Amino acid sequence: MQALTNRAKPVDRRPMTLLERAYLPAIFKGMSITFGHMFKKAPTISYPEKTRPFSPVFRGLQILNRDEQGRENCTACGLCAVACPAEAITMEAAERKAGEENLYREEKYAARFEINMLRCIFCGLCEEACPKDAIYLSETFAPANFQRKGFIYGKDDLLIPNPVTEPEAYAKAKGNRAAVKS
């Protein structure tokens, strides 16, 4: 029968020499690898003091965006909820009343907007489906929690700070996205 590959090598059956039986070459080779790794730079990052740079395509927690005047961008069209393959987004629409022009951009807004982070798969389809750039995935990790209800984020948890009243918090929440989108 012919071999399937040409990688077959005959096994060397001759007896080991005295040096090979002492395993000294193997020990020295292993020690040289160990000493080589001891003097390399450690890949560990001291997390609270330093943070690692994010990839440009990193997808973290969702954020509901505002415009420059501090009005909400979301018009409750429901495209993000329809595009979500995990069905993690739920919303209810409401009509804007007179005098609320400074709060909402359009006549319709999301009165209730919830994302279940236990269901979310961070695929980014909600961000792609939104025609108003109202939702995007930030550079923030999902925090740990001990109860399931802590992972259901409401509109008040997701909404970015107001750029008019809190410009520093808005810039921090925007992160590198402000530089990328500009």
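Me: In this predicted model, which side chains meet in a salt bridge at 4.0 Å, N to O?

Reply: A salt bridge pairs a side-chain nitrogen of Lys or Arg with a carboxyl oxygen of Asp or Glu, within 4 Å. Here the side chains of Arg96 and Glu107 form such a pair, at 4.0 Å from N to O. Arg96 sits in the loop between β2 (89-95) and β3 (108-116), and Glu107 is in the loop between β2 and β3 as well, so the pair ties together parts that are 11 residues apart in sequence. Arg96 is partly exposed, with a relative accessible area of 22%.

Me: How many salt bridges does a search of the whole structure find, and where do Glu106 and Lys132 lie?

Reply: The search of the whole structure finds seven salt bridges. One of them joins the side chains of Glu106 and Lys132, at 3.5 Å from N to O. Glu106 lies in the loop between β2 and β3, whereas Lys132 belongs to the loop between α4 (125-129) and β4 (135-137), so this pair ties together parts that are 26 residues apart in sequence. Glu106 is partly exposed, at a relative accessible area of 26%, and Lys132 is partly exposed too, at 32%.

Me: Which residues are linked in a network of salt bridges, and is Arg14 buried or exposed?

Reply: The network of salt bridges links Glu92, Arg112 and Glu114. Arg14 meets Asp12 in a salt bridge of 2.9 Å, N to O, and Arg14 is exposed, with a relative accessible area of 56%.

Me: How should I read the cysteines, and how many disulfides are there in the whole structure?

Reply: To call two cysteines a disulfide, one looks for sulfur atoms within 2.5 Å of each other. A search of the whole structure finds zero disulfides. Cys120 is in none, and the nearest cysteine sulfur to its own, that of Cys84, is 6.2 Å away. Cys130 is in no disulfide either, since its nearest cysteine sulfur, that of Cys77, is 5.9 Å away and the cut-off is 2.5 Å. Cys120 is buried, with a relative accessible area of 13%, and Cys130 is buried, with 17%.

Me: Which residues touch the most other members of the largest nonpolar core?

Reply: In soluble globular proteins, nonpolar side chains tend to be buried together. In this model, the largest nonpolar core has 24 residues, of which Ile89, Phe113, Ile115, Met117 and Ile135 touch the most other members. The strands β2, β3 and β4 each supply at least two residues of this core, and β3 gives the most, with three residues. Leaving out residues up to four places away in sequence, Phe113 touches a list of residues that includes Leu64, Ile89, Met91, Ile135, Tyr153 and Leu158.

Me: Where does Asp67 lie, and is Asp67 buried or exposed?

Reply: Asp67 lies in the loop between β1 (62-64) and α3 (79-83). Asp67 is buried, because its relative accessible area is 6% and a residue under 20% is called buried. A polar atom of the Asp67 side chain is 2.7 Å from the backbone nitrogen of Arg71. When neighbours within four places in sequence are left aside, Asp67 is in contact with Asn73, Arg105 and Pro163.

How values were computed: Residues numbered from 1 in each chain as written. Predicted model: local features only at pLDDT ≥ 70, side-chain atom pairs only at ≥ 80, totals over all residues. Heavy atoms only, no water. Helix = DSSP H or I, 4+ residues; strand = E, 2+ residues; numbered from the N terminus. Buried < 20%, exposed > 50% of the residue type's maximum accessible area, 1.4 Å probe, protein only. Polar contact = N/O pair within 3.5 Å; in protein donor to acceptor, adjacent residues only side chain to side chain. Contact = heavy atoms within 4.5 Å. Core = buried A, V, L, I, M, F, W, Y, C linked by side-chain atoms within 4.5 Å.
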